[in-house]
Amino acid sequence: MNFEEIFSELKRKEAKDCDSFICEGKDLVNTLEALKAKGYEMLIDLTAIDHGVEASPRFSTIYHLLSLGEKNYLRISVDCEAREEPVVPSVVEVFPAAEWHEREAFDMFGIKFENHPDMRRILMWDEYEHFPLRKDFPLAGIESEYPEQDVVERTDLKVKAAPMAGGPFVADTAGPMSQTEPMAKDQSWTESKPKKEA
Amino acid sequence: MVTEQQDYAYNSKIEGEVVVSKADAVINWVRSHSVWPMPMGLACCAIELMGVGASKFDIARFGMEVMRFSPRQSDCMIVAGTVTYKMAQAVRRVYDQMAEPKWVVAMGACASTGGMYRSYATLQGVDRILPVDIYVSGCPPRPEALLDGMMRLQDKIKNEKSLYQMKKGREDPDHLPTGPR
């Protein structure tokens, strides 16, 4: 299928795996509807990317479609204009499967999906103030209050940053098994030893 | 050759129909062999927990086969899996709904310490919200490891001062452990 001729609003984007296009936010719903009518009837995935705090555009949402008839994958990406509170139209009307994916993208990146029927967080709790997959969110997390008051009263529970102690866990392959457990190489910051302020 | 059979077991004609013991020993003996687990299955550890409950490993050998999904009917919460902060309040409330006496087993790395999930979403050990009695290591633990942990729990139950605790509980219902503070 020659996508550019049929869909004038799509701009081809270089990609090594499948047909990939950039679409404007305002054209998104119509385009997906048209693609669905052309056989791209399955929404495989919907996710988002934070290109970095300084990057422009900062956020993109990604839609993967599959045509079962043509046996072809298609990727549509939409760049968000806003840097702090990005907004993208929801595609739930076209693909009902998008509902929870959009909630996840909202939960992790803070991208608001316009006309979504139920725009709530899905993984983190409703009172959480941060968006964990944004590039400016520290890997270890941010200390915050626990939202359930009755549990806090009984246990003094707080949402604490989990020390990453220098990065993701790695496993040594050499040496006895007791020392080859996956652990962070740098143990200078742990639960018992607070992090030194730089 | 046929030998005369001798009965070395308890002979009521000689010893009478009485067994002398301590109340604590009897109560703990009953409690430790009739643990009703509450399977708090939250991740892959729960699959091993199912294995423990099935015929091959057979937790019924230790009198713990009656898994109850209602906290009101169970007395040992087996936290099997990753506890996220979002789930933590549910875990704690289910624990609060269990009747005394009650015990907690943290099964596997995640329940014990957060395991490999050092992240913003994961509670770094269920002992931050519950008084844990037994930690079982492994990721996930083998069924034998959980059975070993449950046998250690039995040992622990057998050494409790149950009568004293019952008496104290009647005087002051708030003395019971509610978790870390």
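**Note on sheets and helices in chains A and B**

1. In strand β5(A), Arg75(A) is the bridge partner of Ser20(A). This pair belongs to a predicted model. Strand β2 (residues 19–23) of chain A and strand β5 (residues 72–79) of chain A run parallel and are joined by five bridges.

2. Now the whole sheet of chain A. It is open and has five strands, in the order β1-β2-β5-β4-β3. The pairing is mixed. The edges are held by β1 (11–12) and β3 (42–50) of chain A. Each has a single partner strand, so one side of each lacks a neighbour in the sheet.

3. Two helices lie across strands of chain A. Helix α2 (residues 28–37) of chain A lies across β2, β4 (59–67) and β5 of that chain. Its direction is at about 175 degrees to β5(A). Helix α3 (residues 98–109) of chain A lies across β3 and β4 of chain A. This helix runs at about 10 degrees to β3(A).

4. Chain B has an open sheet of four strands, ordered β1-β2-β3-β4, with parallel pairing. At its edges stand β1 and β4 (134–136) of chain B. Each pairs with a single strand, so one side of each has no neighbour in the sheet. On average, neighbouring strands of this sheet are turned by 20 degrees against each other, direction ignored.

5. β1(B) and β2(B) run parallel, joined by five bridges. Gly41(B) stands opposite Ala80(B) in β2(B).

6. Which residues of α3(B) are buried? They are Cys45(B), Ala46(B), Leu49(B) and Val52(B). They cover an arc of only 105 degrees around the axis, so they sit on the same side of α3(B). The face turned away from that buried side carries the exposed residues Ile47(B) and Met50(B).

7. What do the buried residues of α3(B) pack against? Their partners are β1 (37–41), β2 (76–80), β3 (103–107), α5 (108–113) and α6 of chain B.

8. The axes of helix α3 (residues 45–53) of chain B and helix α6 (residues 143–158) of chain B come within 9 Å. They cross at roughly 75 degrees. α3(B) and α6(B) are therefore roughly perpendicular to each other. Glu48(B), Leu49(B) and Val52(B) in α3(B) meet Pro143(B), Leu146(B) and Leu147(B) in α6(B). Of the residues in this contact, five are nonpolar, none is polar and one is charged.

Conventions:
Residues numbered from 1 in each chain as written. Chains lettered and ligands numbered in written order. Predicted model: local features only at pLDDT ≥ 70, side-chain atom pairs only at ≥ 80, totals over all residues. Heavy atoms only, no water. Axes fitted to C-alpha atoms, helices over the stretch in contact; angles between N-to-C directions. Parallel < 35°, antiparallel > 145°, perpendicular 65-115°, else oblique. Contact = heavy atoms within 4.5 Å. Nonpolar A, V, L, I, M, F, W, Y, C, P; charged D, E, K, R; others polar. Pairing = 2+ DSSP bridges. Buried < 20%, exposed > 50% of the residue type's maximum accessible area, 1.4 Å probe, protein only. Arc of directions from axis to C-beta.
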